[in-house]
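Subject: Handover of a structure and the findings from it

Dear colleague,

Please find below the structure that I am handing over to you.

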Amino acid sequence: MFNSQAPSLDDLPTSAQLFRSTVFAALAAGAILVTVVLPSEYAIDPTGAGSALGLTEMGEIKTQLAEEAERDRQLGKDNAASPAKDAAPQQGSSLMERIIREFGVSSAYAQELRQDEMSVTLQPGEGAEVKLVMLKGAKANYAWTANGSQVNFDTHGDGGGENISYEKGRGAAEDSGVLEAAFDGNHGWFWRNRTSAPVTVTLKTDGAYSEIKRMM
């Protein structure tokens, strides 16, 4: 038999105190999710705090390893194909589906997070266009250089009957920034060489897009 005294009503927290504690706990959990969990686990860093703390790089490594493991698993399934292999997809087969399911991440992040580098050589007067296939709201970091020369450029997008021009320039040696898709479609760059000698443009990208392709 216990002899401890039951607490009085004055010692119990009020409804307002419980509500404030619940709101504070939810805000703290959300802050930890955005600044720590998403960068370190999935390389998603909407605030930039993950990069400052070195967590985003760790998340990128984890994401790449998970993608490689998924490709190996899919390859194994293809090699051991059977009539029933499409009967029921396995739960958690997609890393990005898990993110959306567990954390409610925007569909803009449902594309593969990837890195690419592409070079195109333009003869005098020649133009070339390179596009990323992106969902609305998806972002990709980019940097391109004319490798010591200059080109005219137009950063733009198209898809679903929509068109947009993000930036234009003449006689530019390089450019960098973040490309955010205004709608689902192809978003990227057109360069034209107006010099009298060949120019090689080198483009580096990383972010949420499913494909990089040369259009012309």
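The notes below take up the sheet, the salt bridges, the aromatic rings and a surface patch in turn.

Please bear in mind throughout that this is a predicted model.

**The sheet**

Four strands make up an open sheet, and their order is E1-E8-E3-E6. The pairing in this sheet is antiparallel. Strands of a sheet are held in pairs by hydrogen bonds of the backbone, in either a parallel or an antiparallel manner. The edges are taken by strand E1 (113-122) and strand E6 (174-180); each has a single partner strand, so one side of each is left without a neighbour in the sheet. From one strand to the next, the twist averages 15°.

Strand E3 covers residues 139-145 and is joined to E6 by seven bridges, the two running antiparallel. As a point of reference for this pair, Ala143 is found opposite Ser176 of E6.

**Salt bridges**

The count of salt bridges is three. One of them links Asp116 with Arg114, with 2.7 Å between the closest N and O atoms.

Lys131 takes part in a salt bridge with Glu129, where the closest N and O atoms are 3.0 Å apart. Lys131 also meets Asp158 in a salt bridge, at 2.6 Å from N to O. Lys131 belongs to strand E2 (residues 127-134) and Asp158 to strand E4 (residues 151-159), so this pair ties together parts that lie 27 residues apart in sequence. Through shared partners, Glu129, Lys131 and Asp158 are joined into one network.

Asp158 has a relative accessibility of 24%, so Asp158 counts as partly exposed.

**Aromatic rings**

The structure contains four aromatic pairs. Two of them are described here. A pair of aromatic rings is characterised by how far apart the centres are and by the angle between the planes.

In the pair of Trp144 and Phe153, the ring centres are 5.3 Å apart and the planes stand at 65°, which means that the pair is edge-to-face. Trp144 is buried, its relative accessible area being 2%, and Phe153 counts as buried at 7% relative accessibility.

The pair of Trp189 and Trp191 has its ring centres 6.4 Å apart and its planes at 5°, so this pair is stacked. Trp189 is buried with a relative accessible area of 0%, and Trp191 is buried with a value of 1%.

Which residues form one aromatic cluster? The cluster is made up of Tyr142, Trp144, Phe153, Trp189 and Trp191.

**A nonpolar patch on the surface**

Phe19, Val23 and Leu27 form a nonpolar patch on the surface, and together they have about 320 Å² of accessible area. Val23 is located in helix H1, which spans residues 15-42. The relative accessible area of Val23 is 35%, so this residue is partly exposed.

**Points to look at in the model**

Yours sincerely

Technical notes. Residues are numbered from 1 along each chain as its sequence is written. This is a predicted model: local features need pLDDT of at least 70, side-chain atom pairs count only at pLDDT 80 or more; totals for chains, interfaces and linings use all residues. Side-chain values use heavy atoms; hydrogens and water are left out. A salt bridge is a side-chain nitrogen of Lys or Arg within 4 Å of a carboxyl oxygen of Asp or Glu. Buried means under 20% relative accessible area, exposed over 50%, partly exposed in between (1.4 Å probe, protein chains only). Two strands pair if DSSP finds at least two bridges between them. Axes are lines fitted to C-alpha atoms, for helices over the stretch in contact, and angles run from 0 to 180 degrees between N-to-C directions. Patches are made of residues with over 30% relative accessible area and no salt bridge: like charges are joined within 9 Å, nonpolar side chains (Val, Leu, Ile, Met, Phe, Trp, Tyr) within 5 Å. Accessible areas come from the Shrake-Rupley method with a 1.4 Å probe; for residues, only the protein chains shown count as cover. Rings of Phe, Tyr and Trp (its six-membered ring) pair if their centres lie within 6.5 Å; planes under 30 degrees apart count as stacked, over 60 as edge-to-face and the rest as tilted.
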